[in-house]
Amino acid sequence: MATGTNIKTYFEGSWHDGDLPVLRAADHGAWLGSSVFDGARYFEGVCPDLQAHCERVNRSAEALMITPTMAPDDIVEAVREGLKMYASDATVYIRPMYWALDGGDLGVDPKPGSTGFTICLEEIPMAPKGKATTLTTTQFRRPVMEDAVVNAKAGCLYPNNARMLIEARNKGYGNALVADALGNVAETATANIFMVKDGEVFTPVPNGTFLAGITRARHMKNLRDNGFKVHEDVLSFDDFRAADEVFMSGNMMKVTPVTEFDGTHYQQGPVTAQVRDMYWDWALSEGAV
């Protein structure tokens with residue numbers, strides 16, 4: 001069991017206390033990487049976009065040719081039951097996960113009985129408001145659909161992201177700004193990316209190399225509903241060097257200001273602050289579990 005965390009595990013229809021072992025050595029997901037997951041957040045008594053995250057984990061499974069075994073509504077209900085085991089002021093990361101159990105060779109067995117499923121709830125604090133990071137470039141790039149299952153939140157994609165992050169941190173930066181196959185900006189090693197120029201907001205257009213996140217879409221809607229111009233576009237590293245503000249968007253921390261990209265420094269500006277405030281206002285008014 002992991003130490004220093006408060007973990008609950010849903011497996012085979014029941015909730016268990018602690019980090020329950022659920023994967024076997026011969027499971028296809030253990031030795032050939034056929035696993036998918038999703039992430040949602042519980043904080044301040046709400047769980048924003050939980051339904052959307054539970055729907056996406058099933059789509060991710062199907063993209064990896066794994067047969068999902070629980071309807072999204074049932075996953076939502078199981079999560080709600082599990083969250084009752086936490087204090088009302090807890091901040092919890094929610095991970096529903098599928099993996100293939102069987103496969104005659106490299107391929108997975110598509111029968112429903114050949115799919116493993118679990119939900120892991122883990123108490124992880126939200127980042128303090130205004131906690132920022134820095135970015136650098138990396139030699140590693142995002143794959144394309146012909147190379148990898150980039151239309152899924154698949155565990156097998158993340159070792160490549162880990163290489164990016166390790167390289168960035170070895171250079172003294174917090175994260176990496178990552179290119180797609182053509183050399184344009186795709187996202188960071190851990191989250192989607194936005195930039196602000198002259199009061200307008202820009203983010204890389206989804207092009208089949210990165211997952212356009214649920215939280216990303218929520219920020220875009222909130223911005224447009226509040227009168228901001230938001231552009232999905234092909235963006236270069238030079239575009240980011242010329243930006244007024246840069247921020248990351250991900251489910252784990254929602255909004256992370258960026259204060260530097262390879263020697264180019266940014267203010268923690270008013271648009272970034274407003275994006276965070278708009279998200280919290282929306283979540284606390286509409287994101288209840």
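Colleague: Which residue forms a salt bridge with D17, and how far apart are the closest N and O atoms?
Modeller: The partner is K8, and the closest N and O atoms are 2.6 Å apart. Keep in mind that this is a predicted model.

Colleague: What makes that pair a salt bridge?
Modeller: The rule asks for a side-chain nitrogen of Lys or Arg within 4 Å of a carboxyl oxygen of Asp or Glu. K8 and D17 come to 2.6 Å, so the pair meets the 4 Å cut-off. By this rule the count comes to 13 salt bridges.

Colleague: Is D17 buried or exposed, and how do you know?
Modeller: Exposed means over 50% relative accessible area. D17 has 60%, so D17 is exposed.

Colleague: And K8, buried or exposed?
Modeller: Buried means under 20%. K8 has 12% relative accessibility, so K8 counts as buried. K8 also has a ring beside its charge: the charged end sits over the ring of Y86, 6.0 Å from its centre.

Colleague: Which residue lies over the face of W280, and at what distance from the ring centre?
Modeller: That is R276, at 3.8 Å. The rule for a charge over a ring asks for a distance within 6 Å, so 3.8 Å passes that part of the test.

Colleague: What makes K84 and E81 a salt bridge?
Modeller: Their closest N and O atoms are 3.4 Å apart. The cut-off is 4 Å, so the pair counts. K84 is exposed, because its relative accessibility is 63%. E81 has 43%, so E81 counts as partly exposed. That class lies between the 20% and 50% limits.

Colleague: Which residue pairs with D38 in a salt bridge?
Modeller: R56 does, with the closest N and O atoms 2.7 Å apart. The pair links distant parts of the chain. D38 is in the loop between β3 and β4, while R56 is in helix α2, 18 residues apart. D38 and R56 are both buried.

Colleague: Why is the pair of F194 and F247 called stacked?
Modeller: Two values decide. The centres are 4.9 Å apart, and the planes are 5° apart. Rings pair if their centres lie within 6.5 Å, and planes under 30 degrees apart count as stacked.

Colleague: What does the pair of F194 and F247 tie together?
Modeller: F194 lies in strand β10 and F247 in strand β13, so the pair ties together parts that are 53 residues apart in sequence. Both residues are buried. The structure holds nine aromatic pairs. There is also an aromatic cluster, formed by Y10, W15, Y98 and F117.

Colleague: How do you know that the length of helix α4 is close to what is expected?
Modeller: Helix α4 covers residues 158–170, which is 13 residues. From its first C-alpha to its last, α4 reaches 18 Å, and 18 Å is expected at 1.5 Å a residue.

Colleague: Why can you say that the buried residues of α4 line one face?
Modeller: Those residues are N160, N161, M164, L165, E167 and A168. Seen down the helix axis, they fall within an arc of 160°, so they line one face of α4. They pack against β7, β8 and β9. On the other side, P159, I166, R169 and N170 are exposed.

Colleague: What follows α4?
Modeller: G172 does, with a positive phi near 95°.

Colleague: What makes L223 buried?
Modeller: Its relative accessible area is 0%. The limit is under 20%, so L223 is buried. L223 lies in helix α5. Among the residues that L223 touches are V275 and M278. L223 and M278 are 55 residues apart in sequence but 8.0 Å apart in space, C-alpha to C-alpha.

Colleague: Which elements cover the buried residues of α7?
Modeller: They include β10, β11, α5, β13 and β14. The buried residues of α7 include V275, R276, M278 and W280.

Colleague: Last one: is T264 buried or exposed?
Modeller: T264 has 19% relative accessibility, so T264 counts as buried. The limit is under 20%. T264 is found in strand β15 and touches R241 and T259.

Methods:
Residues numbered from 1 in each chain as written. Predicted model: local features only at pLDDT ≥ 70, side-chain atom pairs only at ≥ 80, totals over all residues. Heavy atoms only, no water. Helix = DSSP H or I, 4+ residues; strand = E, 2+ residues; numbered from the N terminus. Expected span 1.5 Å × (residues − 1). Buried < 20%, exposed > 50% of the residue type's maximum accessible area, 1.4 Å probe, protein only. Arc of directions from axis to C-beta. Contact = heavy atoms within 4.5 Å. Phe/Tyr/Trp six-rings, centres within 6.5 Å; stacked < 30°, edge-to-face > 60°. Lys NZ or Arg CZ within 6 Å of the ring centre and 35° of its normal. Lists of a residue's contacts leave out its neighbours within four places in sequence.
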